[in-house]
Amino acid sequence: MKVIMVNTPKGQYSIPLETVAEDRAEYYVEMEDFEMGSLEWVEEVKFVMEDDFEGIDWILNNGDWEEWEIIATKINDDVLVDEDDFWSSSDDFEIVDYEG
């Protein structure tokens, strides 16, 4: 399963990339007036799932950590970023295949 690994001041977390892709597609459902589950929606999800950065870009620019933390899974307690730098750059985010 593809996930976005996120380094936070509380440790490392994973967020399912498919959840991020579906969130993005739902946004475009509203903006471009196509239906959930339609070919356009499926193509939007597929685009994010196959891209190496779009999912990271989406969560950084269209939400905050408190929204994503609800669905994130904590992987470990390793702190690799401080509070000042967290959520300000894509350096602490990575899309990986993860079987946790």
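Helices here are DSSP runs of H or I covering at least four residues, strands are runs of E covering at least two, and both are numbered from the N terminus. Everything below is read from a predicted model.

View 1. Going along the sequence, the elements come as β-β-α-α-α-α-β-β, which makes four helices and four strands. The C-alpha trace spans about 40 × 30 × 20 Å along its principal axes. A compact globule of 100 residues would have a radius of gyration near 13 Å, and the chain's 14 Å agrees with that. Among contacts between residues at least 6 apart in sequence, 68% join residues at least 24 apart. As for charge, there are 5 positive and 31 negative side chains, with the centres of the two sets 4 Å apart.

**View 2. The largest nonpolar core, with its 25 residues.** Ile4, Ile15, Ile59, Trp65, Trp68, Trp87 and Phe93 are the ones with the most contacts inside this core. At least two core residues come from each of strand 1 (2-8), strand 2 (11-16), helix 1 (17-32), helix 2 (39-50), helix 3, helix 4 and strand 4 (93-97). In soluble globular proteins, nonpolar side chains tend to be buried together. Over the chain as a whole, 38% of the 100 residues count as buried.

**View 3. Glycine 63, in the loop between helix 3 (54-61) and helix 4 (65-69).** This glycine is partly exposed, at a relative accessible area of 23%. Setting aside residues up to four places away in sequence, glycine 63 touches Trp68 and Trp87. Phenylalanine 86 sits 23 residues along the chain from glycine 63, and their C-alpha atoms are 14 Å apart.

**View 4. Tryptophan 87, in the loop between strand 3 (73-76) and strand 4.** Tryptophan 87 has a relative accessible area of 17%, so it counts as buried, the cut-off being under 20%. Its phi is positive, about 70 degrees, even though this residue is not a glycine. Beyond its neighbours within four places in sequence, tryptophan 87 is in contact with Ile59, Leu60, Gly63, Asp64, Trp65, Trp68 and Phe93.

**View 5. Glutamine 12, a residue of strand 2.** Is glutamine 12 buried or exposed? Buried, with a relative accessible area of 17%. Leaving out neighbours within four places in sequence, glutamine 12 has contacts with Met5, Val6 and Asn7, and also with Thr73, Lys74, Ile75, Asn76 and Asp78.

Note on methods:
Residues are numbered from 1 along each chain as its sequence is written. This is a predicted model: local features need pLDDT of at least 70, side-chain atom pairs count only at pLDDT 80 or more; totals for chains, interfaces and linings use all residues. Side-chain values use heavy atoms; hydrogens and water are left out. Buried means under 20% relative accessible area, exposed over 50%, partly exposed in between (1.4 Å probe, protein chains only). Contact means heavy atoms within 4.5 Å. A nonpolar core is a set of buried Ala, Val, Leu, Ile, Met, Phe, Trp, Tyr and Cys residues joined through side-chain atoms within 4.5 Å. The radius of gyration is taken over C-alpha atoms; the globule rule is 2.2 Å times the number of residues to the power 0.38. Lys and Arg count as positive and Asp and Glu as negative; His and the chain ends are not counted. The place of a charge is taken as NZ of Lys, CZ of Arg, CG of Asp or CD of Glu.
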